[in-house]
Amino acid sequence: SVASKLDFGIEEIQRIIPHRSPFLLIDRLTGVDLEAECITGERIIKADDPVFEGHFPGSPVYPGVLELEMIGQLALCLHYFLSEKTVNIAQDARPVPVRATRVLGAYYLAPIVPDCTVGLSAKSIEFDGFLARVVGQALVGDQVCCAVVSEGYLLE
């Protein structure tokens with residue numbers, strides 16, 4: 001299979017998923033492989049993110065549910081590329097109408113702390129035209145911090 005390098009930022013990402021600040025949790029798309037049905041991206045975790053004020057004062061840790069959301073948003077981006085059979089984002093692209101249904105399993109292996117770049121990956125493991133199942137992970141450096149298997153469905 002042939003992986004394509006990507007360098008799409010927030011402006012392009014907002015054309016293909018419905019999330020917006022402060023809940024857009026992907027900063028950059030870095031690669032996609034249509035044949036292998038996988039995608040990579042990044043999220044920069046800043047020390048001034050308001051989530052750290054309460055999670056947890058004096059010992060800040062990025063919330064696990066937001067780690068799952070980062071991976072889920074990346075999976076939405078993957079669905080766009082796979083459904084459009086392209087490695088480009090069209091100027092008139094529209095957000096993918098998908099909703100998460102359940103997390104089949106999530107594992108938190110290391111904390112994500114302020115001032116780091118999180119590498120994200122997602123891979124489609126099943127799609128029947130309505131229900132999609134994906135596996136994904138969040139890494140800081142070479143350390144896997146979160147791994148998840150989840151599913152969602154198309155609204156159309």
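Select Asp49 and Arg43 first: they form a salt bridge, with the closest N and O atoms 3.9 Å apart. A salt bridge here is a side-chain nitrogen of Lys or Arg within 4 Å of a carboxyl oxygen of Asp or Glu. The model is predicted: local features need pLDDT of at least 70, side-chain atom pairs count only at pLDDT 80 or more, and totals for chains, interfaces and linings use all residues. Residues are numbered from 1 along each chain as its sequence is written, and side-chain values use heavy atoms, with hydrogens and water left out.

Asp49 is buried at 17% relative accessibility. Buried means under 20% relative accessible area, exposed over 50%, and partly exposed in between (1.4 Å probe, protein chains only). Arg43 is buried too, at 10%.

Arg43 sits in strand S3 and Asp27 in the loop between H1 and S2, so the pair ties together parts 16 residues apart in sequence. Helices (H or I, at least four residues) and strands (E, at least two) are DSSP runs, numbered from the N terminus.

Go to helix H1 (residues 10–16). Glu11 and Arg15 both lie there, four residues apart, about one turn of the helix. Their salt bridge has its closest N and O atoms 3.9 Å apart. Glu11 is exposed at 59%, whereas Arg15 is buried at 14%.

Now show the sheet. It is open, with seven strands in the order S1-S2-S3-S5-S6-S7-S4 and antiparallel pairing. Strands pair if DSSP finds at least two bridges between them. The edge strands are S1 (4–8) and S4 (98–108), each pairing on one side only. Zoom in on S5 (residues 116–127) and S6 (residues 131–140): eight bridges join these antiparallel strands. Phe127 has Ala132 in S6 as its bridge partner.

Next, select helix H2 (residues 64–84). H2 has 21 residues and reaches 31 Å from first C-alpha to last, close to the 30 Å expected at 1.5 Å a residue. The expected span is 1.5 Å times one less than the number of residues. Of the 21 residues of H2, 15 are buried, so the helix is largely enclosed by the rest of the structure. Just after H2, Lys85 takes a positive phi of about 55°.

Finish with the cysteines. The structure holds zero disulfides (pairs of cysteine sulfur atoms within 2.5 Å). For Cys116, the nearest cysteine sulfur is that of Cys145, 7.2 Å away. Cys116 is buried at 11%.
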